[in-house]
Amino acid sequence: MTAEAAPATEIRVDPKIFGYTDRFAARPGESISFHVSCEGPSAYQASLVRLRHGFTGEAGPGFLETPVASEFDGQKQGTQYTCQPGSYVEVADPSSLLTDPNGLVIKTKVYPTLPLSSRSGNYGAYHVTQNSFGGGSDRQVILGNWDEESSSGYALVLDAGRPTFLWSEQGTVKSLALENPLEGHHWYSLRVEVDTAAGQIHLTQAPLSNIMNRYTDHALPLESQDKVADAAPAASAPEAPFRIGAGARRDGERWLAANGFNGKIGDVSLQRGTPTRTETLADWHFGRSHRDDGLLLWDVIDESPNQLHGTCHNSPTRAVAGHSFTGLVDDFRLVPDEYDAIHFHDDDITDAGWPTAFTLDVPSDLPSGVYAAKLTAEGAEQYLPFFVRAGEKKNDVAVLFSTATYLAYANDRIAFEADGAEIIVSRTPILDREDLTLQDHPEFGRSCYEIHNDGSGVVFGSVRKPILTLQPKHRAWFQAEGVWGLPADLCIVHWLETENCNYDAITDEDLDREGYSLLSDYRVVITGSHPEYVTRNELTALEKFTSKGGRLMYLGGNGFYATVSFDPEQPHLMELRRSDGGTRPHQSPYGDKRHATSGELAGIWRNKGLPPQKLAGVGFAAQGFDRCSYYERLEDSHAPEAAFIFEGIGADERIGEFGIMGGGAAGAEVDCYQPGLGSPPGTLVLATSGPLSDAYLLAAEEVYESIPGIGATEQPGVRSDIVYCPLEGGGGFFSVGSIAYTASLSHNNYDNNVAKMTGNVLRRFRQAQPLEVTLNETETVQVVGS
Amino acid sequence: MKARTSLDSADQSTKWPNKLLPNGSELMRTSADRSSELMSIFEQRFSSRLRRDFTDEVAAAYDRSPLGPHDDKTARVVRALGNASINGKEVILNLGPNGPWGIGRITVGAPGNLVLLPSTFYTYENALRGVFALRRQNFLES
């Protein structure tokens, strides 16, 4: 150890290339587009590579890629583009009905969640206390067509929390502001009347009673306020679009979000008064849907005769409780009037909106697998990974890449904001250079493990923005520089290469969309190392697959755990709300727990009748990130029907006492056999983890009341089990219940008992011969409590 | 040392009716004041316990095995230090694919929101020892 002597130094900022694809996967014949921004380089080289292995350390085969000739290979011009967060609704107004402020009557309800633009407190499971995104603006635009640069148009805003109306008068910015800022987490009614005939503007605020207000009316009596100003607004025609939830600022041809609102807005209407009558210009209902299924996607309905429908940008949170929410029904499809609200965030970002730099029409002869557009320039390198799906000719093995989980963890930066980051991993986090780059680019948005600037949880993941945690060489701060997500699943990819096993790549969104028909031709489906988030369609498809003779190799941990949904119209978008049960980094407020894109209630599948044990024999038991352990064989591993699994492995041999992640195959997040939660009666429990430390704590869903002593040395349920179960119909599953498992495959150049055992299973599972079922389930069922 | 910044996530802006002190001046108590008062009591007790626990033997136990397992007293001290406020906290930065490792301090506003301290370590365990030594030094000086 060396002593601290020299002064501290700043981190050097290198030139950067960033980018993203428009989708995760494409079939031969389909096109995938690439979107690139350069910080520094005026040009870059683009080439197509096949990704074979990610982890760069000496403990594995190193980073492996193979160049593939493609139509986009070559030098490209480097241009820097802005990635601007901030969600809003934009209203197309071709007849300029909303342009002129004269005679306008604006009515809306608002529920500010960060009225003063600075947050303090202690949020979520990790105790987030710091916002490394920096300070926000004191202005938050509720609605209007205000152009921040030219100061033209009009807008209803919060300025330092105070309701304020802005307008332009003879080239001068005018404003009318109420005296007091609004309270956070309280509903208010706001009204602006531009009485042109009287030459006055009236601005009124009235607090509203609501079950979701932070305080009761009698605990915090709030008073209405109003104010009047003389005014003669200019009837100018600003270029800026009319928006709800953010203002606009021009950036070339684009109008970016500006001064985004944090909180809910609902019940918005605009009228125009003349001396003779009042005409409704627009009357938006955020709880109504055009769709037969009632889902609230990105179209916003105007119920007025003018039909000035809007479109959401950057995925504000819909299906949230509005100002008239009674708390009696929590399904937005049943009580749309109670869900007339949208929750906007000034840091929402689900589409950077960069122009297409180049495209790839996937050739018919390009084998299915993991690829990337490799972008390089002096001092800069970036990979834009994607998956090529199978064409007409399929392999017998498919790898289901855990793209939903990749999106959930995308751009995770908890280590910089949460007091408890170190506690949850039981050691000081190890950061990667990419983590620092992320800190310099807050505009790339947060993971679904984090909170927004206003303290509410992030619930959307998207492909269409730079995701630095998706870089194939990325190391996870919470796993001792180990692999996580795509880099971890590349361990499977390279192991399959050593097994001379061609595979087809499929993604979570593919399986969600296509269901069982996508799997029906495969003999074996291999999961990623951490398929934590899945949709109902995926679970249904996988269960049907194993029941119809398919063989599932679940080579991960904490799998099939919690609910996500893919937007049926924009599958690059994934929704992940958090319920109030199970292990979770934060949770959605009551009334906001149902996914807008599917209607699914948020939460863990175990609490919705579909525990992972039913599908894979094991389910989430514990997590810990200090060290990993090995497996020791159990009695079932010596059963004749399991003999093929242990060919070449000694009877008392410890399995996986090595690996890239924590030095063992059993660890990080682990699953165990639980017949009480549906591990099938015919499941053979082949092996269980060696001793884990007390850094491994019993999963929250197993802790009904807080108790001491929930670490591995005191709780029998804190363990990882390897199970095998042949099912009626010839199918079955082999599950390892550990995220660290696949990071042990490459040890000693794949000459080890983890690779041997996994290879034995793969080879047997690829054979047509049905798996042998020896247990009569109806006679042997003896379920014990978990 | 400061373990946390507040007790809950309530906005700190809520104003309650003013009360008069005996001398006639106004006392503006807020929810933030109350949370802060409660936290300071906790921190006093927490810090007092930590000072009792943070012995040379504990420091030696950590140095022997930074990743544990630790006895209860050492584990409590390690958690206390690790649970400190994130601002200014030490983290480890990998400087290469197989090490070495450096120590950085989280500093919002610096490039990467991190300031790199000068030491370089050739094992991860030594980097952990380096972090612990810095925290102990800060603790003893606080």
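Colleague: In what order do the elements of chain B run from the N terminus on?

Modeller: They run β-β-α-α-α-β-β-β-α, and chain B has four helices and five strands. This is a predicted model, where local features need pLDDT of at least 70, side-chain atom pairs count only at pLDDT 80 or more, and totals for chains, interfaces and linings use all residues. Residues are numbered from 1 along each chain as its sequence is written, while chains are lettered from A and ligands numbered from 1 in the order in which they are written.

Colleague: What makes a stretch count as a helix or a strand?

Modeller: Both are DSSP runs, numbered from the N terminus: a helix is H or I over at least four residues, and a strand is E over at least two. Take strand 29 of chain A, residues 430-431; it qualifies as a strand because at least two residues are needed.

Colleague: How many residues of each chain take part in the contact between A and B?

Modeller: Chain B gives 45 residues and chain A gives 48. Two residues are in contact if their C-beta atoms, placed from the backbone, lie within 7 Å. On the chain B side, helix 3 (72-82), strand 3 (90-94), strand 5 (114-121) and helix 4 (124-141) give two or more residues. Strand 5 of chain B provides the largest share, eight residues.

Colleague: What classes of residue does that side of chain B have?

Modeller: There are 21 nonpolar, 18 polar and six charged residues. Ala, Val, Leu, Ile, Met, Phe, Trp, Tyr, Cys and Pro count as nonpolar, Asp, Glu, Lys and Arg as charged, and the others, Gly among them, as polar.

Colleague: Let's move to chain A. Why is strand 10 of chain A called largely enclosed?

Modeller: A residue is buried if 20 or more other C-beta atoms lie within 10 Å of its own, exposed if 12 or fewer, and partly exposed in between, with C-beta atoms placed from the backbone. Six of the six residues of strand 10 (139-144) of chain A are buried, so the strand is largely enclosed by the rest of the structure. Strand 10 of chain A pairs antiparallel with strand 11 (154-159) of chain A over five bridges, and two bridges join strand 10 to strand 17 (242-244) of chain A, also antiparallel. Gly144(A) has Ala155(A) as its partner in strand 11 and stands opposite Arg243(A) in strand 17.

Colleague: Why is helix 4 of chain A called largely enclosed too?

Modeller: Of its 13 residues, 11 are buried, so helix 4 of chain A is largely enclosed by the rest of the structure. Among them are Leu486(A), Cys491(A), Trp495(A) and Leu496(A). Just after this helix, Asn500(A) takes a positive phi of about 55°.

Colleague: What span does helix 4 of chain A reach, and what is expected?

Modeller: The expected span is 1.5 Å times one less than the number of residues. Helix 4 of chain A reaches 19 Å from its first C-alpha to its last, close to the expected 18 Å. Helix 9 (753-766) of chain A, with 14 residues, reaches 20 Å, close to the 20 Å expected.

Colleague: What do the buried residues of helix 9 of chain A pack against?

Modeller: They pack against helix 4 (486-498), strand 32 (524-527), strand 34 (551-554) and strand 44 (732-735) of chain A. These buried residues include Val754(A), Met757(A), Leu762(A) and Phe765(A).

Colleague: How is chain A divided into domains?

Modeller: Domain 1 covers 88-117 + 133-344 and domain 2 covers 399-776; such bounds come from an automatic or database domain assignment. Their centres, taken over C-alpha atoms, are separated by 43 Å. The contact takes 24 residues from domain 1 and 19 residues from domain 2 of chain A.

Notes:
Two strands pair if DSSP finds at least two bridges between them.
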